[in-house]
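Hello,

Here is the structure you will be taking over. My notes on its side-chain contacts follow below it.

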Amino acid sequence: MNTFTYIVLLGLLTLEAAIAAPMKNEKPAKKLRQIQVLPGDLLEEFAYMNQDALNFYDYEEELTINEPQIEIGRLTPSGNRVLVNYDSDYEEELIPHEPLDPGAPSVPGLLGPDTKEGLPTCLLCTCLSGSVYCDDTDIESIPPLPKDTTYFYARFNKLTNIKKGDFSGLNHLKRIDVTGNRISSIDEDALRQLPELVDLMVASNELVQLPELPKTMINIDASHNKLHSNGIKKEAFKDMSNLEYLYLAGNALSYVPLPLPESLRSINLQNNNVQQIDNDTFCNSKDIHYVRKALELIRLDGNPINLSKTPDAYICLPQVPHGNY
Ligand SMILES: *[C@@H]1O[C@H](CO)[C@@H](O)[C@H](O)[C@H]1NC(C)=O
Ligand SMILES: *[C@@H]1O[C@H](CO)[C@@H](O)[C@H](O)[C@H]1NC(C)=O
């Protein structure tokens, strides 16, 4: 393994843990971290010290290669490598986009389709084995994406909407992360036909309505938007039998979106306007033996509701909800 691989893996190692952590907590719409430039040899030594841990990641490489944190080890023009650190509790962010080496030989098709600005998407963004990273590139619309795009990141840009055609035909797309934009609308049919979509991160935008999503979803993060309960369709999550994480904190929802699928492990509804829950919100008053064993975290703090008033609403849960009692 060469040094560059070490650096990349080292980054994976550092960030992997930090990425896993915020899944359970609210992710405020804050940006950034420090950037640190280390001379190559120092990093090499550091990588060597962590070799055992890195060897472990060798086996994981295939799984993690598409993660955004792969970006963190790269050569600056001066030949130094750049490491990105960030607040441990906070969502990671990539270093500001550096254009690719303009002197590099061009390979037809390798740079993806052309954007509206006439620039191939993979010059404007960074494309790496099915992942397309467009974080912090000031884009105002989704660029045309290569057909094999699996993970798409366009965090902290100036996107205002997602249109029907933006992701059409991307049959391998698993993740869309457009956290921290100004998205106020997503076309109703922009996402529902994506056969492999599992993660949608639209936190910290201006959405008033959640579009229809495919049943394949596992993670939905629409925290810190402008969602009222009428912006979420009736039974929107009912048939998502793999849905595990539903983040809707910091909106204006007045009730818990029902029914919740059995697979759900965490629902974050803190800082909304939920005023009432009842015996059947989480449990089943018709079946006293019913246990909702997967649902380990319910956040209802920051809502105008006194949870002591409905003591029978939690009998089937492994944990009582967080909130005011
Ligand atoms: C909730 O269940 C309890 C116990 O079965 C029952 O006494 C109570 O009336 C129920 N509350 C509502 C609002 O149905
Ligand atoms: C909630 O209601 C219970 C019982 O009605 C009461 O004892 C408690 O003080 C209330 N808590 C809050 C935070 O209002």
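A network of salt bridges links Asp-135, Arg-155 and Asp-177; a salt bridge here is a side-chain nitrogen of Lys or Arg within 4 Å of a carboxyl oxygen of Asp or Glu. This is a predicted model, in which local features need pLDDT of at least 70, side-chain atom pairs count only at pLDDT 80 or more, and totals for chains, interfaces and linings use all residues. Residues are numbered from 1 along each chain as its sequence is written, and side-chain values use heavy atoms, with hydrogens and water left out.

The whole structure holds 11 salt bridges. One of them joins Glu-196 and Lys-174, with 2.9 Å between the closest N and O atoms. Glu-196 is in the loop between β9 and β10 and Lys-174 in the loop between β7 and β8, so this pair ties together parts 22 residues apart in sequence (strands are DSSP runs of E, at least two residues, and helices runs of H or I, at least four, numbered from the N terminus). Glu-196 is partly exposed at 30% relative accessibility, and so is Lys-174 at 27% (buried is under 20% relative accessible area, exposed over 50%, partly exposed in between, with a 1.4 Å probe and protein chains only).

Lys-164 and Asp-189 also form a salt bridge, at 3.5 Å from N to O.

As for rings, the search gives 4 aromatic pairs (Phe, Tyr or Trp rings, the six-membered one for Trp, with centres within 6.5 Å; planes under 30 degrees apart are stacked, over 60 edge-to-face, the rest tilted). Among them, Tyr-133 and Tyr-153 are stacked, 5.2 Å centre to centre with 15° between the planes. Tyr-133 is buried at 2% relative accessibility, as is Tyr-153 at 1%.

Regards

How values were computed
Chains are lettered from A and ligands numbered from 1 in the order in which they are written.
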